[in-house]
Amino acid sequence: MEALRPVWPLTDGLDEPAGDALDRMLGAPEWRLILGLLDGAPVGFLAWRDEPMLPQAGGERIAAVRYLLTEPEARRVGVGEAMVSHYLDEAIRRGFRRFDAHVSPGHREAKNFFESNRFKARSIVMHRDDA
């Protein structure tokens with residue numbers, strides 16, 4: 001899949017090789033991975049992380065979706081919705097009250113998807129590439 005921003009694979013994507021990165025995430029206590037299935041076949045995943053907030057948050061932590069992928073043929077059939085619903089249920093059960101989802105600027109489909117789940121934009125990372 002081609003990134004909307006050429007710098008994405010260098011700054012926000014998974015470490016390569018991706019399989020090794022996913023293995024490390026599966027073994028790390030701060031990461032949670034959810035596999036999206038369609039007719040028993042894997043068609044996507046959601047990876048979220050338990051992240052600290054600033055000290056003034058009094059130790060509160062945030063449940064941050066860092067990666068969400070659904071194969072194009074599995075979109076608009078509820079796989080992404082099911083993964084986000086599972087993420088929110090699990091995070092709430094673990095005591096989280098704050099939730100982030102990292103979306104690339106210009107990725108309107110992803111932004112609309114999260115907005116339909118009551119997320120609102122709160123930050124945009126600006127980038128300049130002189131390469």
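In what order do the elements of the protein run from the N terminus on? They run α-α-β-β-β-α-β-α, and the protein thus described has four helices and four strands, where helices (H or I, at least four residues) and strands (E, at least two) are DSSP runs numbered from the N terminus. This is a predicted model, in which local features need pLDDT of at least 70 and side-chain atom pairs count only at pLDDT 80 or more, while totals for chains, interfaces and linings use all residues. Residues are numbered from 1 along each chain as its sequence is written, and side-chain values use heavy atoms, with hydrogens and water left out.

**Overall form and surface**

- The C-alpha atoms of the protein fill a box of roughly 45 × 40 × 30 Å, taken along the principal axes.
- Of the 131 residues, 32% count as buried, a term that means under 20% relative accessible area (1.4 Å probe, protein chains only).
- The accessible surface, from the Shrake-Rupley method with a 1.4 Å probe, comes to about 9200 Å², and 53% of that surface belongs to carbon and sulfur atoms.
- Among contacts (heavy atoms within 4.5 Å) between residues at least 6 apart in sequence, 48% join residues at least 24 apart.
- There are 18 positive and 21 negative side chains, and the centres of the two sets lie 8 Å apart; Lys and Arg count as positive and Asp and Glu as negative, whereas His and the chain ends are not counted, and each charge is placed at NZ of Lys, CZ of Arg, CG of Asp or CD of Glu.

**Helix 4**

- In helix 4, which spans residues 108–115, the buried residues are Ala 110, Phe 113 and Phe 114.
- These residues cover an arc of only 90° around the axis, which puts them on the same side of helix 4, the arc being that of the directions from the helix axis to the C-beta atoms.
- Their cover includes strand 3 (61–70), helix 3 (79–93) and strand 4 (99–101).

- Leu 14 lies in the loop between helix 1 (8–11) and helix 2 (18–27), and, not counting residues up to four places away in sequence, Leu 14 touches Ala 21, Leu 22, Met 25, Phe 45 and Tyr 67.
- The C-alpha atoms of Leu 14 and Arg 66 are separated by 9.7 Å, although these residues are 52 residues apart along the chain.
- Thr 70, in strand 3, is buried, with a relative accessible area of 10%.
- Leaving aside neighbours within four places in sequence, Thr 70 is in contact with Val 43, Gly 44, Arg 75, Val 79, Gly 80 and Met 83.

Note on methods: Buried < 20%, exposed > 50% of the residue type's maximum accessible area, 1.4 Å probe, protein only.
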